[in-house]
Amino acid sequence: MIRYTLSCENDHAFEGWFSSGADYDRQADLGLVTCPVCGSSSVGKQLMVPSVATGRKKDEARKLMMDQVHRQAVAKIREIVTTIRENSEDVGEKFPEEARKIHYGEADQRGLIGKATPEEARELIDEGIEIAALPTLPDDVN
Ligand SMILES: [Zn+2]
């Protein structure tokens, strides 16, 4: 048995038990599912929410969801960072120097990663050199 929370065209909410989702569809198609309040056969399923999602449980569910979203975001950023690393030359401390060479056409155009102090980064940006900080991921700290 499967329980659906249904509502009619007049926004009356009620519950219906069916042997399966297909059983519900069949009965609904035949107009056998009617609102107990107004008798309307124009009914539809309401969006289901877990019945445990109340109060503290709801907060936990939301936290779990945020954790999930956070993990997915971190995974996505990790993927992007990995791609950047794979397609870039790590020049370490020579980053500002190499970035300038590329900018002024003294070196081949290529992806660069490396280190720059905040002052060096600001100077590069002032010179119109496009740089971006690679996000630091939680695992990178380890
Ligand atoms: Zn109704």
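Student: Hi! Which side chain does K101 meet in a salt bridge?

Tutor: Hello! This is a predicted model, and in it the side chain of K101 meets that of E98, with 3.4 Å from N to O.

Student: Where do K101 and E98 sit relative to each other in helix α3?

Tutor: Helix α3 covers residues 95–103, and K101 and E98 are three residues apart in it, so about one helical turn separates them.

Student: And is E98 buried or exposed?

Tutor: E98 is buried, as its relative accessible area is 8%.

Student: Which residues are linked with K101 and E98 in a network of salt bridges?

Tutor: The network also takes in E89, E97 and R110.

Student: What about the accessibility of D59?

Tutor: D59 is partly exposed, with a relative accessible area of 44%. R62 is partly exposed too, at 45%.

Student: OK, now K63 and D67. What is the spacing there?

Tutor: K63 and D67 are four residues apart in helix α2, which is about one turn of the helix.

Student: Is K63 buried or exposed?

Tutor: K63 counts as exposed, because its relative accessibility is 56% and the cut-off for exposed is over 50%. D67 is partly exposed, with 31%.

Student: Changing topic: which residues form the nonpolar patch on the surface?

Tutor: M65, M66 and V69 form it, and together they have about 300 Å² of accessible area. M65 belongs to helix α2, which runs over residues 55–86. M65 is also exposed, with a relative accessible area of 53%.

Student: On to the metal, then. Which residues coordinate the zinc ion?

Tutor: The donors are C8 (SG), H12 (ND1), C35 (SG) and C38 (SG), at 2.0 to 2.3 Å. Along the chain they follow the spacing C-x3-H-x22-C-x2-C.

Student: Which parts of the chain does the pair H12 and C35 tie together?

Tutor: H12 is in the loop between β1 (2–8) and β2 (13–18), while C35 is in the loop between α1 (21–29) and β3 (43–45), so the pair ties together parts that are 23 residues apart in sequence.

Student: Why is the arrangement around the zinc ion called tetrahedral?

Tutor: The angles subtended by the four donor atoms run from 99 to 113°, and that makes the arrangement tetrahedral. For reference, the ideal angle for four tetrahedral donors is 109.5 degrees.

Student: Is C8 buried or exposed?

Tutor: C8 is buried, with a relative accessible area of 5%. C35 counts as buried as well, at 3% relative accessibility.

Student: And H12, what does it count as?

Tutor: H12 counts as partly exposed, because its relative accessibility is 23% and buried means under 20%.

Student: Last one: how many disulfides does the structure hold?

Tutor: It holds zero disulfides. As for the cysteines we talked about, C8, C35 and C38 each give their SG atom to the zinc ion.

Methods:
Residues are numbered from 1 along each chain as its sequence is written. This is a predicted model: local features need pLDDT of at least 70, side-chain atom pairs count only at pLDDT 80 or more; totals for chains, interfaces and linings use all residues. Side-chain values use heavy atoms; hydrogens and water are left out. A disulfide is a pair of cysteine sulfur atoms within 2.5 Å. Buried means under 20% relative accessible area, exposed over 50%, partly exposed in between (1.4 Å probe, protein chains only). Donors are N, O and S atoms within 2.8 Å of the metal (3.2 Å for Na, K and Ca); water is not among the atoms, so sites may look incomplete. Four donors count as tetrahedral if all angles lie between 85 and 135 degrees; four count as square planar and six as octahedral if opposite donors are over 155 degrees apart and all others between 65 and 115; anything else is irregular. Helices (H or I, at least four residues) and strands (E, at least two) are DSSP runs, numbered from the N terminus. Patches are made of residues with over 30% relative accessible area and no salt bridge: like charges are joined within 9 Å, nonpolar side chains (Val, Leu, Ile, Met, Phe, Trp, Tyr) within 5 Å. Accessible areas come from the Shrake-Rupley method with a 1.4 Å probe; for residues, only the protein chains shown count as cover. A salt bridge is a side-chain nitrogen of Lys or Arg within 4 Å of a carboxyl oxygen of Asp or Glu.
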